[in-house]
Amino acid sequence: MKRFLQETWELFYWSLCCPSRLQERMNDWSPAEIKDGQKLNTFAWDILLFRPNSRFIIQYLSPAEIKDGQKLNTFAWDILLFRPNSRFIIQYFLISAVLSLPLAGLISFSDRGSDWLLGLAALLISYGLGRLFLPAGIGFCSPLLLALTYWYHPQLFTESLQTVLEFLPPLSQLAIGVATGATALIITFWIRLELLRRDSLSLAWNSPWLGRGLSILAGSWLDVTYGVTVIASGVIAGIATVIFVHGVAHGLVYGIVAGTIIGITIVIVCEFVEFFINFLTVAEMGVARNNLISSILGGIIYGLACVIAVGLSIAVASVVAVVVVVVAAIVFALPLPWFLAGCILIATSTAPLKHQWLGVIIAIILAAMRQEWLNFCALWVVPVTLVSYYRILPDYVFYVGSLISTSRILKRSALNSAQRLTQLPPYTTELLWLPLPNHANILASAFHQDPNVGLAAFQKMQTIALPGLQHTIQQALPLIVAAQLASNSTTSALINSINPDHPVLSLLIPAYYQGISGETVEITADSGNSDIAILFPRFQQVASDTEAALQAGSVALRERGLERLVDQLKLLAAQLPGLGIKPRTLQNWKLAIERWQHILELEIAEQQKLSQGELLNPFQFGNPLRPDRSTIFKGRQAFADQIVRLILDRNRPTLVLHGPRRAGKTSFLLNLPRLLPSDLIPIYLDMQQASMTDSEGDFCYGLVRAIQRDTRSQGLTLPPLPKRPDFYAKPYPVLEDWLDAVLPQLGERRLLLNLDEFEKIGNAIQERRISSRLFDQLRSLIQHYDQLGFLFSGVQTLDELGPRWSNYFISVVPMEMHYLEPHEAEDLLRNPDPEFALQYDTGVVEEILHLTHCQPYLLQLIGFALVTQANLQHTQLATQALLKDAIQAAFTNGEPYFTNIWTEFTGTTPEEVAAGQTLLLALAHRNDNQISSDQVTQAARSRLLRYHVIESIEDDRLPGHRSDRIEIPLFEQWVRERAIKA
Amino acid sequence: MITIICHHFEEMGETRDRGVKATEEGIQKLKTAQASQRNAEGKRWTLRDVAIESGVDERSVGRFFRRETNVDEATARAICQVLDLDIAEIVGFQALSVEEDRTRQISSNPFIYGNPVSPEKFYGRQREILEVKSRIGTAQSINIVGLRRNGKTSLLRYIQAYPEKFFQPDRPPLIIRLDLQDGRFHSPNGITEGLRREIQRQQGRAPWATDANGDAWAVQDGLEALRDRNIPLVIMLDEFEAIASRLEQFQGWGEDWRSKASTQGLFTLVIASKRPISEIYQELRLTSPFGNIFSTTILGALEQQAWHRLVQDGFAASGISADDLEWIDRFAGGLPYYVQLAAAMLWQEEDEGRAKRAFEFQAKPRFKELWQNLNAAEQLALRFSAGTPEQLPPEPALIEMLQRYGLLRESGHVFSSAFAAFVLEQP
């Protein structure tokens with residue numbers, strides 16, 4: 001019983017304050033059908049009164065279904081008796097009855113017995129409104145409103161009833177109408193039955209509506225002899241009644257209200273009728289199918305039932321309708337305080353509908369009603385109605401007061417926020433239109449204390465679209481998300497932040513997780529909280545990159561990846577104030593960033609422990625150093641300065657940069673942009689690139705392409721390139737036309753065209769891919785375009801390439817590139833990268849400088865091998881022993897370099913190569929006496945001297961004499977240990 | 001010779017069975033597997049190739065493929081293994097006549113020889129992996145050198161399977177592996193087309209049109225577009241020697257690709273070859289700076305710890321003794337193929353005597369192939385190390401080189417006692 005009473009109280013309270021909870025109960029107690037996989041909400045009419053299923057009746061009667069007799073009975077029982085919930089109905093009527101007690105008390109003091117009909121009408125109206133509006137408890141205000149009206153004007157009900165009764169036709173006419181309607185319904189029934197037997201399901205499905213409609217229309221027309229339909233007559237009757245009582249001024253408005261209520265009544269009546277019809281249809285089917293007598297008997301019963309049902313319904317509906325109309329009329333005539341009380345009742349009870357503008361509409365309507373009596377005093381209606389509808393009083397004011405006091409208590413006693421949260425909306429009331437102060441903080445704090453409670457509250461708030469709770473969500477969301485991110489304590493928890501199955505974040509901000517599971521979701525600041533839209537994707541990126549970094553096979557790669565992420569987080573922290581983050585959440589985001597930074601730093605420390613600090617290998621040998629590897633490009637500034645001086649020289653000489661392979665010529669050319677002043681723009685052309693030397697057209701096209709590419713990287717925009725076929729047709733005119741158009745745009749700037757591996761032009765001419773006209777063209781460009789400078793880069797000088805080259809290019813300045821300066825080489829070894837952590841033991845750097853002779857390739861090679869060796873031996877200190885191992889590894893890794901010198905620079909013929917190799921072996925093994933002085937050996941020696949493989953030095957043992965030695969000690973060691981004579 | 005060995009094998013007391021024959025379905029699988037293999041010239045395997053690779057008499061291979069008569073089970077197994085097929089699927093489980101438990105053991109032999117190992121079964125090579133990582137991780141090209149069956153292709157497959165171990169996580173690479181044994185890649189245009197197709201397959205769009213393969217600018221633009229999209233392109237060329245005989249027509253291609261891989265930074269090259277690229281060019285008396293951009297990494301013997309783990313993992317269920325490990329070392333010397341082979345034989349035969357004979361039977365064709373791939377100086381050095389009398393000592397540099405390739409141990413002895421015996425037999 002206690003539980004029953006508690007449920008009754010909850011039904012009442014929830015219908016006024018928590019409609020969604022009441023809806024949940026309705027769904028639980030009387031589950032709706034599942035449609036398209038979704039469970040629908042249970043409607044009030046489903047729980048308050050069952051709704052027979054016409055589709056079921058058709059299925060029941062179809063031959064296929066009839067064969068399965070067992071199932072049909074169960075189905076019928078289920079359909080007809082499952083939906084209504086008597087517990088709910090009784091609780092509803094109990095509340096209505098309790099609320100009708102004031103009315104009952106007033107009636108009991110009067111001496112009019114017929115007024116008890118008013119009590120019945122109060123229950124019926126309450127019930128009717130409940131069926132329409134539950135879970136909003138609008139129906140519960142009607143008994144109170146009736147009591148208010150009755151208290152003010154006890155006789156009006158009786159008078160109105162008499163007036164309405166005068167409108168009704170005589171009893172005999174009523175009987176004719178009802179009988180006609182009933183007969184028509186019986187005929188409808190028979191037609192339907194016949195159609196079903198003939199399997200005309202569609203016709204059977206539609207025929208009752210038409211038949212019943214016509215039947216009721218015919219019956220009601222005969223009853224009242226005027227009016228088009230019952231509904232229309234009800235509306236008109238309402239309007240007419242109101243006009244009759246209060247005049248034309250408010251007839252229309254009152255009429256609409258009254259007509260609507262009458263319509264509601266008629267709907268209830270029709271459903272009663274429909275219920276009886278369907279019930280009897282089902283009940284009779286079993287017998288009627290094969291038995292004519294039973295069918296006739298069923299038809300008679302059915303007809304009689306219809307007569308009773310229709311007659312009773314019309315009578316009841318008439319009474320109820322009249323009562324409603326009269327009450328509506330009287331309410332507006334109440335004195336102002338009572339009318340305001342009525343306004344409070346109406347507004348409070350309609351508030352659970354949660355319509356944004358409904359409060360305003362009700363206020364305007366009520367004020368308009370009142371205007372006729374009280375003039376401007378009626379304006380009081382507006383604030384009173386609004387305050388009641390939007391629940392400012394008493395709910396909001398109560399909670400504000402409560403929160404102000406709570407915030408003090410919370411501070412003093414650290415009261416449990418999770419518990420406190422359940423004492424606030426949406427748990428106590430869902431009707432929060434204005435934001436509550438401190439509510440967001442309590443929600444965020446509850447999340448921190450107990451994420452389950454917080455999440456439940458959050459999700460509950462999400463389902464309620466009222467601005468007060470939505471504001472709380474918007475305010476709390478960044479705090480909660482930031483706190484969740486800051487609550488991570490391990491790397492795996494950090495990575496889990498992007499997991500679509502994350503227990504909290506994926507539910508709080510699902511839009512940010514949909515993309516992860518494969519869907520493409522565009523997230524903008526407008527699509528959610530702007531703070532989150534700005535920052536959360538960055539956290540996601542960091543988490544994703546952390547996961548990727550930890551998957552790297554190398555500890556050094558992992559460390560490097562994590563370090564970059566820490567840098568990103570530091571940058572983000574620094575940018576935070578400028579990102580437009582709300583000041584109130586700024587600190588929380590900052591904490592989250594710091595937390596993540598701390599986690600990653602701990603992970604880096606762990607990785608370092610694991611690897612004992614595996615080093616990233618920054619050295620690069622083989623490939624030229626592109627501008628993006630500028631940290632390991634050292635020195636050569638003197639070369640760049642020399643180039644500037646020569647280019648600005650009045651004679652504008654052509655420069656030839658030459659030197660042995662791997663001396664760093666290409667790296668120098670690629671890094672020229674940052675070595676030269678901004679008014680001298682280097683253009684890089686790689687003659688090894690097949691496309692450059694396929695034809696003269698290709699050369700010219702490649703030249704303008706390179707100019708456009710390299711000037712663009714300097715921030716200049718040049719005219720578009722001519723089409724490639726144009727170059728094939730007339731290569732040089734097209735090139736010159738384009739240069740004529742472009743060069744003036746450069747102003748004071750000059751272009752330095754660097755032709756790397758320029759010997760390939762000679763090869764192309766030799767192979768007849770291009771003609772020697774190219775030389776003419778190049779010379780012409782040199783002579784006639786002051787803004788163009790030329791630098792040829794290769795292994796050989798122009799003189800060595802033969803007269804063709806030296807004759808064409810007269811004013812030539814050769815520049816030989818070879819070793820780095822010792823301090824540049826040392827800088828390379830010690831500082832190849834800002835993160836480089838290898839330490840050198842005493843004398844190791846000096847030893848490397850000596851061994852490599854500061855040759856750039858060998859410095860990079862030894863550096864690379866040294867780091868690899870250090871990583872293999874888990875050390876960060878390069879010792880002499882480590883260097884020894886590294887040298888052996890370098891001999892293997894750098895095999896192409898050593899072999900190239902051994903085979904290409906020892907001679908130009910097999911004999912010379914053999915002699916050169918013998919010479920080198922003798923020098924490496926210090927067997928000078930084995931060196932032959934024959935012509936072939938001398939030729940090989942000259943070549944070796946020319947390319948700095950060997951050098952001639954003062955002989956220590958014989959003053960005044962010179963002797964040869966291999967120039968680079970490391971190569972000497974290679975010859976000694978690895979060289980195998982061809 | 002193989003026939004003689006078979007007889008010898010038979011005489012030594014090996015349990016012989018009544019033979020097996022492939023099922024109809026098995027024949028189809030055999031032919032499909034055969035068609036998918038390529039020889040050094042890039043052509044499909046003939047029956048002779050199958051015979052050479054599996055170390056089985058060519059007539060036996062023919063009989064097995066034609067289902068004429070039964071072949072002995074060891075032959076069938078060798079053929080199936082070289083074609084990467086399960087013998088039970090080819091001849092039917094019922095047809096295997098040896099005792100049931102042994103058959104089960106054989107069919108689930110955990111050791112793989114003949115074919116590249118799958119990436120998840122890749123062991124060791126710590127130094128080599130570190131070197132590869134340091135190179136390709138920073139877009140520098142590398143030449144992986146190793147004698148036949150020393151794990152080059154396995155390493156390439158390993159890189160392809162685990163790119164995260166080699167590259168920065170924020171820039172996942174586009175890895176393309178072209179096996180130059182495939183006849184389609186025996187011309188520069190063929191390689192360009194292979195590259196184009198693979199990029200299209202992995203990226204979903206072609207970098208240039210098929211008919212633009214010969215248009216250097218179109219190819220250039222396509223590759224530049226990839227680079228500008230910040231996609232590191234790694235091109236692996238396996239079996240580089242396959243184009244060695246045509247290297248002259250690849251001269252221009254080499255310089256162009258050198259430029260693309262170095263100064264232009266369009267891709268990183270990983271080239272697997274039996275000999276260093278510079279040596280290949282040298283042997284052909286061609287001069288080219290193509291090899292200059294590469295670092296060389298030689299795949300020699302596996303680290304002892306690594307091959308011990310490999311063997312121990314294979315014998316995880318039954319365990320393996322120190323003596324057995326010593327036995328495998330004696331025959332394999334840490335070279336991956338021979339470690340797998342010796343361990344497989346030990347697993348299969350469960351007796352060192354039988355395993356030794358089986359190893360020698362299976363390894364002999366491989367030894368022959370290895371011997372043919374060595375130059376005269378190297379052969380002489382090996383003869384000396386194997387103990388040929390009256391042989392002059394080779395140059396120390398040569399000894400050191402053979403040690404790097406794993407053919408000689410640190411002690412200077414030949415890596416495998418069986419190979420040493422083979423060397424001594426050579427005329």
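Both faces of strand β4(B) are covered in this predicted model: B:Thr268, B:Val270 and B:Ala272 on one side, and B:Leu269, B:Ile271 and B:Ser273 on the other, are all buried (a residue is buried if 20 or more other C-beta atoms, placed from the backbone, lie within 10 Å of its own). The strand spans residues 268-273 of chain B, and six of its six residues are buried. Strands (E, at least two residues) and helices (H or I, at least four) are DSSP runs, numbered from the N terminus.

Two strands flank the discussion of pairing here, where a pair needs at least two DSSP bridges. Strand β1 (residues 142-145) of chain B runs parallel to β4(B) and is joined to it by four bridges; B:Asn143 stands opposite B:Ile271. Four bridges also link β4(B) in the parallel sense to strand β3 (residues 233-238) of chain B, with B:Met236 opposite B:Val270. Together with helix α12 (residues 251-261), β3(B) and β4(B) form a right-handed β-α-β unit; right-handed means that, with the strands pointing away from the viewer, the path from the first strand over the helix to the second runs clockwise.

Turning to the interface, the contact takes 44 residues from chain A and 48 from chain B (C-beta atoms, placed from the backbone, within 7 Å). On the chain A side, α45(A) gives the most, with seven residues.

Residues are numbered from 1 along each chain as its sequence is written, while chains are lettered from A and ligands numbered from 1 in the order in which they are written. Local features need pLDDT of at least 70, side-chain atom pairs count only at pLDDT 80 or more, and totals for chains, interfaces and linings use all residues.

Note on methods: Contact = placed C-beta atoms within 7 Å. Buried ≥ 20, exposed ≤ 12 C-beta atoms within 10 Å, placed from the backbone.
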